[in-house]
Amino acid sequence: MDLRDTPEQAEFRAQLRAWLADNVPTEPEPQTMPARFHYVVAWQKRLYSGGWVALSWPKEYGGQGLGPVEESILNQELGRAGAPAAASFTFLGRAFLTFGTEEQKARYLPGFLSAEEIWCQGFSEPEAGSDLASLRTTATRDGEDFVINGQKLWTSRGSFAQFCLVLARTGTRESRHRGITAFVVPTDTPGMTRKPLIMANGDEEFAEVYFDDVRVPASNMLGELDQGWKVTQATLAYERGAADLGYLAKYERMLAQLAGIAQERGVSDDVSNVEAVGRVLGHLEVLRLHSMRRLSDRAQGKAVGAETSIDKVMMTQTEQLLLHTALDILGPEAVQGRGDWFKKYLYSRAASIYGGTAQVQRNIISGRLLGLKE
Ligand SMILES: Cc1cc2nc3c(=O)[nH]c(=O)nc-3n(C[C@H](O)[C@H](O)[C@H](O)COP(=O)(O)OP(=O)(O)OC[C@H]3O[C@@H](n4cnc5c(N)ncnc54)[C@H](O)[C@@H]3O)c2cc1C
């Protein structure tokens, strides 16, 4: 694959860069919820009205009908410009593209892309995180409806979302992954209760979500009855496929800021700092080459699958090393209010947990990719 932009891609990049220069918010990102949530929603709405959302999605579903390379240029330029994250979890939209009926796509995708309707992912439970197939929330058929009972945990954006994609057991408990179904649940449905949970970094990122006889029509099933594991696998594969140029651009930007701070403080020549920054640069270069390989796969139409566990492990290692290095260089200043480095450091620790822990990713790599025993 030729890694240089074609003339058309260069033109696309230039237009995008100009748009971002005019549109990336100049006011700092609020440090607390719900202000930060509203900030990222407003940003996604702006991106959407500019035509910069879902570039590689088909036009009939609200996308721009472009390819993975343009999507990748977008991610790269967003990271480079220091743009906020988007409000919608793209991987949930992908689940609808793959498994949704035409009615479901028409009803849910426009609001999803425009950030008029925010979604959360109701997968994990108190006793079912890594071992998701043991989940206990049930959905019982009652005429034309299903009635959901149980509890979800660590539901990101759970306090703010209008819809939740909920995995529930429709088979026997022993059926494990063969007896799970995915449902669309509006979060204002009677019987649904959300309690905010505060993360170590002080953010109200999650909610605990309780289901007490929550009734949804059978037409809210995403995919077929008892086939929710397929929805789960596809959604998680997209969630883990993080080794994108957007992450890389974001990390490069952070490293440049860090180098600037080290210079300002007169510690940029310290051997330990030079070594530490060099290590991060090495990781970034490996991640860059890996991302290019993934991009080449996608450009050739290769389906997203278990190999995204490798992306997740590499992204996690790079992010954690970078933020660890930031603390080493900044010392006590990181905690005493120099920007939000300490908050970012704490969030980097979560990277080896969300979307499946680092150990679970390695199990997938050994079992499904290398054919070793999982
Ligand atoms: C920031 C953040 C956001 C999240 N957002 C969401 C969300 O929006 N929706 C959602 O559904 N969930 C979400 N989660 C939950 C996340 O998916 C789970 O925390 C994760 O899957 C791990 O599950 P657990 O916490 O129950 O840990 P456990 O599964 O109890 O694991 C505990 C430890 O045991 C290890 N372990 C478990 N099984 C194995 C094994 N077979 N082999 C080796 N080691 C093993 C794990 O690696 C881990 O170190 C989020 C988590 C975080 C941190």
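Guide: Helices (H or I, at least four residues) and strands (E, at least two) are DSSP runs, numbered from the N terminus. The model is predicted, so local features need pLDDT of at least 70 and side-chain atom pairs pLDDT 80 or more, while totals for chains, interfaces and linings use all residues. Residues are numbered from 1 along each chain as its sequence is written, and side-chain values use heavy atoms, with hydrogens and water left out.

Visitor: Which elements each supply at least two residues of the shell around the ligand?

Guide: They are strand 3 (145-156), helix 10 (341-350) and helix 11 (358-369), and strand 3 gives the largest share, with 3 residues. A residue counts as near if one of its heavy atoms lies within 4 Å of the molecule, and 16 residues surround the ligand, Ser130 and Trp154 being among the closest.

Visitor: Why is strand 4 called mostly covered?

Guide: Buried means under 20% relative accessible area, exposed over 50%, and partly exposed in between (1.4 Å probe, protein chains only); in strand 4 (residues 163-169), 7 of its 7 residues are buried, so the description follows from that definition.

Visitor: How do you know that strand 4 pairs with strand 5?

Guide: Two strands pair if DSSP finds at least two bridges between them; 7 bridges join strand 4 to strand 5 (residues 180-186), running antiparallel, and therefore they pair.
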